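Let's take a walk through this one together. Have the sequence and the 3D view side by side, and follow along as we go.

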Amino acid sequence: MTQDRASDIAPSTRLYERIRLDSLTGLLPLVLLLSVWQLIGDPESPFFPAPSSWWPALFTLGQGDKIIPAILDTVRTFGLGLLGATILGVALGLSIGVSRTFGRAVGPTFEFARALPPAAIVPVATLLLGFDETMKIVVVVLAALWPILLNTSSGVQELNPVLLDTARSLRLSTTRTLFGVLLPSVMPAIVLGVRVATPIALVITLLVEYLTAVNGVGALVGEAQRTFQPARVYALIAIAGLLSLVVNSGVRFVENAVQRRRVGDQ
Amino acid sequence: MGRNEGLNRRNPSNPLGVLVLVAIAGIWEVLVRFSIADVQFLPAPSEIAAAAQGEIFGGELVGRLIHTVGVTALGWGIASVIGVGLGLLLGLSPTAYRYSMTSFEVTRAIPPITFVPAALLIFGFSLKMELVLVIYGGIWPVLINTIGGVRSIAPELRDVGTMLRLSTPETIRKIVLPAAMPSVVVGLRLGLSLCLVLAVVAEMVGNPEGLGNGLIRARQALQPALMFVYVIAAGLLGVALNAGLRATARAFLPGNALKDVSAS
């Protein structure tokens, strides 16, 4: 349903690597757009307030001290959600990869669960769990779980069978096979899954916050919209964009570090 | 077992898996019926089935479904045309790429979800708001995958076009598009599911129609069974749209595009 597999994101990744070379000239249209907007935009416009009015709008009416806690809330929900999705996704992915029977048993159930749009899960989650942090994290986990699970399970299935046979003939314990052989060899697949899951987790965090008005940047955007503060809405959109840029480059940095270490190992 | 496979695509008939699904529903039913799991507002599967029957034959489900499908399809169609067109331009022209790509990357980083409040302020609670949002979100995957597909075409292939003295439109139609098609189709598929998600979100908070609104209505009326009906309908719709697109691509696209689509 969502961006789940390696093949789906491959072109954009290649793209990203090329952009760095000619990145600054590429900002031209955006700068132009914002400049024109600034020149002809009325700061009081109910639809398109000039960009210069965005930043001050964050601090009007004593709302300035809400921003940092909201960002921290969003980051925490996102982080815990991604962590939960990673643990659950890796555990389930390993089980499915190792045991075909288990994979076949849970297959249809998971396919169905994966197809549910996260936005549609939100009302159900609020009804069953209430409006709190747990509910937010559960929704994020349910949405971000799938790329990690799928990449882990196919990572295990693609392993050379000799690897596990060797572990067996060395009579390694299950724990040692798991942590010494299995996990290190599927690590690249897991990291790839986590990278795909990261933007999903952030988007879903913002979505849940917006829909339920429970803390975070998403809730602030919703509040600004309901109280008709367009400049504030745009300012918060910009903050969400920055957050997303930071998070995505952070994950890419970690992924590169993991890959470099593996190359160094060999 | 390729990475592009789903959980178990190769064997469509999977009695064990279906059995597990049925067992889960059965246990859920028993737990709720005998109040073993005392979760407030959790309807039993039988109640959901009854609510589904009522909503399909006497209620609003079909009308809402048609609305959501219509907006998703229309928005996705428009988004795809814009995305492929812009993607061809940026993929083929190094100048256009150099002087705009970063802007697109920066804009793309902003989650489309956060534009929902802005769209609400600008367009109000209307169909226009829903459609604009669906189009905006749907453009990105198509655009990015078209650019990626076009830029990774082997230079030799384009040289063939030059050698045959094909005009630019001919080159695009006969060489560039077919070669980039597998990547474009991936973008189209991702775009379609994103369009559906955005349509449902827009209906939940803005345009008071469609599946999303049905979901919110059921939530507000404290009818959990009905709410589950809409959740399941939205999920099934996603599966159906995706399957439909895959079947269409398989029927109309030759060779290697087909392989890529059916695998994912």
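A helix here means a DSSP run of H or I that is at least four residues long, with numbering from the N terminus. By that rule A:W54 sits in helix α3 of chain A, residues 54–57. Bear in mind that what you're looking at is a predicted model.

Stay with that tryptophan for a moment. A:W54 counts as buried because it has 20 C-beta neighbours inside 10 Å, and 20 is just what the cut-off for buried asks for. Leaving aside residues up to four places away in sequence, A:W54 touches A:A231, A:Y234, A:A235 and A:A238. Compare that with A:G250: it lies 196 residues from A:W54 in sequence, and the two C-alpha atoms are 26 Å apart in space.

Now zoom out to the chains. Chain A has 11 helices and 0 strands, while chain B has 12 helices and, again, 0 strands. Of the 266 residues in chain A, 44% are buried; for the 264 residues of chain B the figure is 43%. Look at contacts in chain A between residues at least 6 apart in sequence, and 72% of them join residues at least 24 apart. In chain B, residues 24 or more positions apart likewise account for 72% of the contacts with a separation of 6 or more.

How do the two chains meet? On the chain A side 64 residues are in contact with 66 residues of chain B. Several helices of chain A give two or more residues to that side, including α1 (6–19), α2 (28–40), α7 (133–157) and α11 (230–265). The largest share, 11 residues, comes from α5(A). By class, the side of chain A that touches chain B has 40 nonpolar, 17 polar and 7 charged residues.

Is α6(A) mostly enclosed or mostly open? Of its 12 residues, 9 are buried, so α6(A) is largely enclosed by the rest of the structure. Those buried residues are A:P118, A:A119, A:A120, A:I121, A:V122, A:P123, A:V124, A:A125 and A:T126. Their packing partners come from both chains: α7 and α9 of chain A, together with α9, α10 (210–220) and α11 (224–252) of chain B. After α6(A) comes A:G130, with a positive phi near 90 degrees.

The largest nonpolar core has 129 residues, and A:A144 and B:V201 touch the most other members. Helix α9 of chain B, residues 168–205, gives the most to this core, with 20 residues.

B:V116 takes us over to α6(B), where it is part of the contact with α7(B). The axes of helix α6 (residues 115–123) of chain B and α7(B) come within 9 Å and cross at roughly 145 degrees, in a right-handed crossing. From α6(B) the contact uses B:F115, B:V116, B:A119, B:L120 and B:F123, and from α7(B) it uses B:K128, B:M129, B:V132, B:L133 and B:Y136. That makes 9 nonpolar, no polar and 1 charged residues.

Helix α7 of chain B (residues 127–151) also meets helix α3 of chain B (residues 61–92): their axes come within 6 Å and cross at roughly 35 degrees. This crossing is right-handed, and its contact residues divide into 19 nonpolar, 8 polar and 2 charged.

To finish, check two spots in the loops. A:A213, in the loop between α9 and α10 of chain A, has a phi near 60 degrees, a positive value in a residue other than glycine. A:A213 is partly exposed, with 15 other C-beta atoms within 10 Å. In chain B, the loop between α10 and α11 holds B:L222, which has a positive phi of about 50 degrees although it is not a glycine. B:L222 counts as exposed because it has 10 C-beta neighbours inside 10 Å.

Definitions and conventions:
Residues numbered from 1 in each chain as written. Chains lettered and ligands numbered in written order. Predicted model: local features only at pLDDT ≥ 70, side-chain atom pairs only at ≥ 80, totals over all residues. Contact = placed C-beta atoms within 7 Å. Axes fitted to C-alpha atoms, helices over the stretch in contact; angles between N-to-C directions. Left-handed = near helix turned anticlockwise from the far one by under 90°. Nonpolar A, V, L, I, M, F, W, Y, C, P; charged D, E, K, R; others polar. Core = buried A, V, L, I, M, F, W, Y, C linked by C-beta atoms within 7 Å.
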